[in-house]
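Here are my notes for your read-through. Keep the structure open beside them and check each point as you go.

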Amino acid sequence: MNVVIASSSIDCGIGCWDLQTGAEQLRYKTCASPPHGLTSVGCRFLACSQLRDPSATSGHVFYWSWFKPQAEVKSFPAEPIKPLAANSEGSYIVGGGSSGDIYFWEVATGRLLRKWHAHYRAVTSLVFSEDNSLLISGSEDGCVRVWSLFIAIIVSASEDRTCKVWSLFRGRLLRNIVFPSIIDAIALDPGEHVFYAGSRDGKIYIAALNAESSPSSSYGLHIIGSLSDHSKPVTCLAYSAEGNLLLSGSEDGLVRVWDVKTQNIIRMFRHAKGPVNNILIVRRPLPLGRAGSKEQASSRRHETSLPPPLEKYANSTDEDMDNKAIITLPATSDLPSYLSAQLINDHVKELQQQSSSAAAEMEVKRLKLDCKRSMQMVQQLKNVYDNLQEFCVNELLDGEQMEGSEGKSL
């Protein structure tokens, strides 16, 4: 269900309506928001900054769940916050301060990951780019600035029991960490505080990425802890920003789900047979419908249809292509559509016939331009020829004059 959310600058709450029927779903109480101060955090809950006394030294940011009218979580940043924005996954919230500072929080823990002075006056708007790699900020100082949020850390592992942390932005090695065992799997914390290293001794080591972290002497420099429950080597890791979860697979055939905040296992999955060597976290699309009608059954059959196999060679003939299917991205449907190459060729020919007059006009213009260039080149060659001829004649005349003067002297 799609809903419409609206807030106001006066304390009249937040309205929520069904987009299709117009029915009001819920009225969230006690909210007076500045412009651009309302955001949905990963479609999981609402967050809104609050307008308070202009002389106040601290800010207010409230959280509302979808099904309760009262604000359940209240935060008090260091200064009044105007705009709020959340990335598409809902793992981060960014706020713009009255001083021109930008605040970057991790949602799962509430940690302030970073604060920087972005503008000389109050920040008025914040927007994430579509791929969440950029943050665009606007301000009362008249400037629009773009900030790169691209994860600039790469961690590599080797069988010499070391992991190297590289800065992608600076292009240099930041640190070299030696582990008690060979590392076969790595997962980065989205906040770039730590990374998790799955080892052949069955442990998942936690290593610090920033210099401020205090290392533990139990394992070595920069290693601040471990998760230990696997009886065999850890072969793969995956991190879920939604819920702040770490998933690990092992040769013991089990997949474990860790709450990284408490470092406890909250769920386990047993593979049917054999070791686990790959883990993916994906959002599976919802089925189109249940059985009950011929149309739904047909839709399900169409849903399970897959594209043709990949070709073995690239030098296919046109005759072969006529019998193959070509996938086109759907415009209004979630199902793939298939068109034969012959239909596409016919459509191309039709377009070519429709645009023949325009193409002829363009061809005439091109020929005129080529003719003009050719005439200019002929003129240049003619000038070169005239100059060369004049030079040769002068040389011949000078030679005859010199021979005549030598004959007279004899």
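1. How many residues lie between β4 and β5 in their hairpin, and which turn residue has a positive phi? There are three residues between the two strands. The turn residue is G42, with a positive phi of about 55 degrees. Bear in mind throughout that this is a predicted model.

2. β4 covers residues 38-41 and β5 covers residues 45-49. The two strands run antiparallel, joined by four bridges.

3. Now compare the faces of β4. T39 and V41 make up the covered face. L38 and S40 make up the uncovered one. In a regular strand, side chains alternate between the two faces of the sheet.

4. Turn to the cysteines. How many disulfides does the structure hold? The count is zero. C43 is exposed, because its relative accessible area is 64% and the cut-off for exposed is over 50%. C371 has 46% relative accessibility, so it counts as partly exposed.

5. Move on to β20, residues 203-208. Is this strand largely enclosed or largely open? It is largely enclosed by the rest of the structure, because five of its six residues are buried. Buried here means under 20% relative accessible area.

6. β20 has a partner in β19, residues 194-199. Five bridges join β19 to β20, and the pair runs antiparallel. Find Y196 and trace across: its bridge partner in β20 is I206. β19 and β20 form a hairpin with three residues between the strands. In that hairpin G202 takes a positive phi near 90 degrees.

7. β20 also pairs with β21, residues 223-228. This pairing is antiparallel and has five bridges. Here A207 stands opposite I223 in β21.

8. Next, look for empty space inside the model. Rolling a probe the size of a water molecule over the atoms shows where such space is left. A search of the whole structure finds one cavity of 30 Å³ or more. The largest cavity has a volume of about 50 Å³.

9. What lines the largest cavity? The lining consists of S91, Y92, E106, A108, P190, G191, Y239, A241 and N244. Five of these residues are nonpolar, three are polar and one is charged. Where does the cavity lie? It lies between domain 1 (3-148) and domain 2 (153-270), because both give residues to the lining.

10. Check two backbone angles in the loops. N132 is found between β12 (123-128) and β13 (134-139). Its phi is near 65 degrees, a positive value in a residue other than glycine. R161 lies in the loop between β15 (153-157) and β16 (162-167). R161 is not a glycine either, yet it has a positive phi of about 75 degrees. With a relative accessible area of 35%, R161 is partly exposed.

11. Finish with F67. This residue lies in the loop between β6 (61-64) and β7 (73-75). Is F67 buried or exposed? F67 counts as exposed, because its relative accessibility is 76%. F67 and Y28 are 39 residues apart along the chain, and their C-alpha atoms are separated by 9.2 Å.

Note on methods:
Residues numbered from 1 in each chain as written. Predicted model: local features only at pLDDT ≥ 70, side-chain atom pairs only at ≥ 80, totals over all residues. Heavy atoms only, no water. Buried < 20%, exposed > 50% of the residue type's maximum accessible area, 1.4 Å probe, protein only. Pairing = 2+ DSSP bridges. Disulfide = S-S within 2.5 Å. 1 Å grid on protein atoms, 1.4 Å probe; cavity = no way out; pocket = protein on both sides within 12 Å on 5 of 7 lines; lining within 4 Å. Points joined across faces, edges and corners; volume = space filled by probe spheres on them. Nonpolar A, V, L, I, M, F, W, Y, C, P; charged D, E, K, R; others polar. Domains from an automatic or database assignment.
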